[in-house]
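Thank you all for coming. Please take a moment to look at what is on the screen before I start, and keep it in view while I talk.

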Amino acid sequence: MVYSLPTLMGGVPSWWPAWLPAKTVYRGLDLQGGLYLLLNVETDKAVEQAAENLVDEVRLALRKGKLRYQSIKREGRDTVDVKLPADVAKAEVIKILKDDFRNSVAEETPDGARLRLSPKEVIDLRKFAVDQSIQTIRSRIDQFGVSEPSLQKQGEERILLQLPGLNDPARAKTLIGRTARLEFKLVDEKGDLAAALAGNVPADDQLLYEERGGKKGQKPVRQPLLLKKRTNLTGDLLTDARVNFDQFGEAMVSITFNHQGARKFAQLTGEHVGERMAIVLDDKVYSAPVLREKIEGGRAQITGNFTMEDAHDLAIVLRAGALPAPVTILEERTVGPTLGSDSINQGVHSSLIGGFFVILFMGIYYKGLGWLANIAVVFNIFIVLAVLAALQAALTLPGIAGVVLLIGIAVDANVLIIERIREEIRLGKSPYAAIDQGYDKAFMTILDSHVTTLATAMILFQFGTGPVRGFAVTLIIGIVSSLFTSITLTRMMLYYILRNRRVQKLSL
């Protein structure tokens, strides 16, 4: 009763004692309004990235083995090709590849060797990409401030995301879909930028752009930069990212590396003093300052044309970490709060009208025992609301339909008991004996019907999603409480009345 009162009162009043439960029933997306997204994780990109990472690892392995090579590059989605000079023994290269990369398949080719990710490794990479994406998106959403988001894996590559009560869907979608891969790369000052702009980008370089200006409606200026393709440091080693302000009062993001990242960052900046180091996020250069000295302490700043909102969102995605693969939106639905409010009103009205007629019928037809059954049904609803509030399980529109269905189930159980008691009374038994026999004879029938419905609800909960799951949750709670109120609660009340009022004849 106490747990359900905040919900029935529409919130906790100011005089509500702090030591009493204050949770209200959490409303699902269809009642509260919000955003529904079906996301697709591009797991092929995760496999390609893994193969791309192999390129550097193979290069290091061959250098360690003091074996020369002509070129090492990714071919296709999951393969790394190694071209060797004619005087290098292929067998030695194959041996190193087999010893150092046990999760991949090494084989000889006419001009060198080939390393391919094994089928099991590819499957594991795809699964990890989806699982890691769920964790990353959940972390971003939590920091964004959405309460009770629903995030579920669907199939092999899809994620179902529901964000109830969301005020800014566009900003949320940008935050969710951002890959947020932070990289530190050296600027290739000796490279031919003009040739790269003409399309002749060196094999070890990449052409990216840095945007400058662009505030107050101005068009930003794109500055091309020729960067080394090799990533010297990534954002995987970050421990914190926070919004800060530079000397001009402009928003920026301060990042902090962990111990390992700080050591690498200090080593990197110490080895390249006088060179330019680009800070790249999702293939966009945010800044490319000249390293004046070795930077110790593991701290750096990302500057740009940030608004406070942009800087805040950037800090969130950096703290949450990068997505292992790009995420695209397959389906999007926005549920307005007005529709949700209408749904609640219609659901409550239908419940009240249906409940009123059921209670009226029970009271008129079964008299005293009917009104006792009505009390049990009302208790049943209180218990459902209390458990929903305590568990913070979502009440959805189908969940309201489940409450209406529960009224019928609870009444049906009480009707069975009353009819059995009525049969015993007709046989001339005393009220105590009639009640005992009535409950005993009705028990197995009620238990059988409740267990059957409970099993169905549990299957719905296991395999259903969104509102269907909300319906299942309401049904499971209601079935258990109905079993308690119809079998135990009404029996206790009957015994109490018989004992204290010395009733000689049951009213039914």
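I will go through a few places in this model one after another, and please keep in mind that the model is predicted.

Let me begin with helix H9, which runs over residues 308-320 and has 13 residues. From its first C-alpha to its last, H9 reaches 18 Å, close to the 18 Å expected at 1.5 Å a residue. Several residues of H9 are buried, among them Asp 313, Leu 314 and Ile 316. After H9 comes Gly 321, and the phi of this glycine is positive, near 95°.

Positive phi values also turn up in residues other than glycine, and Ala 180 is one of these, with phi near 60°. Ala 180 sits in the loop between helix H6 and strand E9, and because its relative accessibility is 3%, under the 20% cut-off, Ala 180 counts as buried. Lys 367, another residue that is not glycine, has a positive phi near 55°, but its place is in helix H10, residues 337-391. With a relative accessible area of 46%, Lys 367 is partly exposed.

Is Asn 380 buried or exposed? At 2% relative accessibility, it counts as buried. The side chain of Asn 380 is joined to that of Ser 481 by a polar contact of 2.3 Å. Leaving aside residues up to four places away in sequence, Asn 380 touches Leu 406, Ala 410, Gly 478, Ser 481, Ser 482 and Thr 485.

Terms used. Residues numbered from 1 in each chain as written. Predicted model: local features only at pLDDT ≥ 70, side-chain atom pairs only at ≥ 80, totals over all residues. Heavy atoms only, no water. Helix = DSSP H or I, 4+ residues; strand = E, 2+ residues; numbered from the N terminus. Buried < 20%, exposed > 50% of the residue type's maximum accessible area, 1.4 Å probe, protein only. Expected span 1.5 Å × (residues − 1). Polar contact = N/O pair within 3.5 Å; in protein donor to acceptor, adjacent residues only side chain to side chain. Contact = heavy atoms within 4.5 Å.
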